Amino acid sequence: MEILSQGMVINVGPQHPSTHGVLRLILTLDGEQIVACEPVIGYLHRGLEKMMERRPYRHNIPFTDRLDYLAALSNNLAICQCIERLGGVEVPERAQYIRVLLMELQRIASHLVFLGTFGTDLGATTMFLYAFREREMVLDLLEECTGARLTYNWVRVGGVPDDLPEGFGEKVLDFVKVFRQRMDEYDRLLTRNRIFRSRTQGIGVLPKEMALAYGCSGPMARASGIAYDIRKVAPYEVYDRVEFDVPVLEDGDVWARYLVRMEEMRQSLRIIEQVLRDMPDGAVQTKLPKVFKPPAGIAYSRVESPRGELSFMMVSDGSSNPVRVHIRAPSFVNLSVLPRLLEGAKVADLVAILGSIDVVLGEIDR
Amino acid sequence: MEAIVQFFRDYPLLWTLVKAVVLANFTLAIPLAVIYIERKVAGFIQSRLGPVHVGPQGTFQTVADALKLLLKEDIVPAGADKRFFYIAPYIAFVSVVLSFMVLPFAPGWVALEMNVAVLFVIGVSLFNVVSILMAGWSSNNKYSLLGGLRAVAQLLSYEVPMVLSVLVVVVYTGSMSLTGIIEYQVQHGWNIMHPPVMIAAIIYFVCALAEINRTPFDLPEAESELVSGFNTEYSGMRFALFFAAEFANNFFITAFAAALFFGGWDGPILPPIVWTFVKVFVMIFVFMWVRWTPPRLRIDQILRFAWQFLVPVSLANLLFAVALGVR
């Protein structure tokens, strides 16, 4: 009698502790080995792009908070830049500096979520609490400035709604000082841990060509040897005036993606210090008409969100509402490479690889 | 009091019953303490407080949790293999109670004096593997099945070096009775003083972490991958029994180590029973410390570590011990 051997089909998600939201993966397993993986998305689809066509330009900013909810400010900035380009709006210098400052704080907060959840995915639960302890400090800072902790809705077309609160700079510098020490603590706990290395090194290797072919961006691409960072290749706001390095690693494995993000946090601290040093005085908001009607045309903006290249495209026909909005979500593009990364991986590698892509489902499903 | 004890002692059957009841309840009660300590230690390591609300310093939290679990609905998933699903938690728990049976807490404080206690413990602890496989298989859940399979692969692999390192102690003391081993240590000094036993103790410690499914060997219940592993589908008291068995096993495995390597009840000034508990809780603390620090390994890494490193090393160590210590 012939024994038929079939792969076991297992459904990971949409309710699963480590799919980081409502991602569903249909895995075909051979023992512990993954034979095939089919991601299913759409559980969080809200039709945001269509909803944006029904509202005046500036009313759409709160929607963007709900895209990548771990980096709401980056989304705010992306849509505001797009509208500014469409309408030819100038942004005061001080507002640009404030934007960069908040973006980098946001990047740290977002990468800390990655760090914490990545630790939990691999079984190092303590890392989660350490990372969230520091994220709390960033969120407190952002709350003091914007009044919100998750959905900030703070960037406006033509600047930012208000100046920084009194003594904000000192508090940020205090945080920078504390956080530098905490980064060393993370290194001692995770980076130098042999088990952590053996779980991440050589796992989920994304070759440079594949990363280019799939259009990966952000830390995903930079860990695969592609020196591509919007802040460098197409500087926006005042990123051309601050000095920082873009970490690029060649290995393309989970370990490299982890290291890139860790180094990005350190570079963010450098940017924050320079921005606070150089920030000029002045207005933070350009006066705009009550009814904002940009001339007919098409505008495209891109920012380096913590997850990669985040772009907005808006088409105007001269009326108060956009005719078409398109969002290029970095998580969506980065996730598309997941089935290729999972070929031949172990079940335990699934969470490591998925965690290292650092997806946010709010952005994927829009 | 004396009279009551004497009364029970006069009737062997009654006396056995008393011992059984005390032991089973002790096995159920110990997890409450260990879980509370675990939560507090975890909180301390993770810069938070742990339980604080129920009772002074949250001491009644685990009691409250146990009561809650007792009152919860007993859910059996559709398509589950009912017989196995029902008895798996009891087998897990009974295997721990059986091991406690031969454990001497202090001179004379042992439920059953057995001259092959070490062998007995190794035998009954394997029941645990059976129960995990039963639970994983009968749940009719793929995650549970994967967890169960992982658990069996892991526990069986680590059982080998563990037994080999326990044998080193047997070689040194020339006894398979736990009381005998401890009494030997009271006279000749703790076993841990001998180099081969030192190596054996380290191997035992690593294997013990794997035996009680703790990070870095907590694969069978790897939460982020398998939801909760073999006990995913369990609820209420059945889940509580698995949980109790795991933590009681945690207590037992350290008490066993204390008896084998650290002289059991032996120690100055304090009464023997206190020394047993001191040694056990120090080791449990180390276990918790390890648990909350590193990430977990992958199944192939775990098995490779067991078969390619621990087994050869413990075999060589056993030969080393025989060459040095045989009398």
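In strand β6 of chain A, Met313(A) has His326(A) as its bridge partner. Strands and helices here are DSSP runs numbered from the N terminus (strands are E, at least two residues; helices are H or I, at least four). This is a predicted model, where local features need pLDDT of at least 70, side-chain atom pairs count only at pLDDT 80 or more, and totals for chains, interfaces and linings use all residues. Residues are numbered from 1 along each chain as its sequence is written, while chains are lettered from A and ligands numbered from 1 in the order in which they are written.

Strand β5 (residues 308-316) of chain A pairs with β6(A) in the antiparallel sense, over five bridges; strands pair if DSSP finds at least two bridges between them. The open sheet has three strands in the order β4-β5-β6 (chain A), and the pairing is antiparallel. Why is one side of β4 and of β6 left without a neighbour in the sheet? β4 (297-305) and β6 (324-328) of chain A stand at the edges, so each has a single partner strand. From one strand to the next, the twist averages 10°.

## A helix across the sheet

Helix α3 (residues 72-87) of chain A lies across β4 and β5 of chain A and runs at about 150° to β4(A). Axes are lines fitted to C-alpha atoms, for helices over the stretch in contact, and angles run from 0 to 180 degrees between N-to-C directions.

## Two helices crossing

Now for α11 and α14. The axes of α11(A) and α14(A) come within 9 Å and cross at roughly 35°. On the α11(A) side, Val254(A), Arg257(A) and Tyr258(A) meet Ala352(A), Ile353(A) and Ser356(A) of α14(A); contact needs C-beta atoms, placed from the backbone, within 7 Å. By class, this contact has four nonpolar, one polar and one charged residues. Ala, Val, Leu, Ile, Met, Phe, Trp, Tyr, Cys and Pro count as nonpolar, Asp, Glu, Lys and Arg as charged, and the others, Gly among them, as polar.

Helix α11 (residues 254-278) of chain A also holds Glu263(A). Glu263(A) counts as partly exposed because it has 18 C-beta neighbours inside 10 Å (20 or more would be buried, 12 or fewer exposed, with C-beta atoms placed from the backbone).

## Where the chains touch

How many residues does each chain give to the contact? Chain A gives 26 residues and chain B gives 24. Elements giving two or more residues to the chain A side include β1 (8-12) and α14 (347-357) of chain A.

Technical notes: Two residues are in contact if their C-beta atoms, placed from the backbone, lie within 7 Å.
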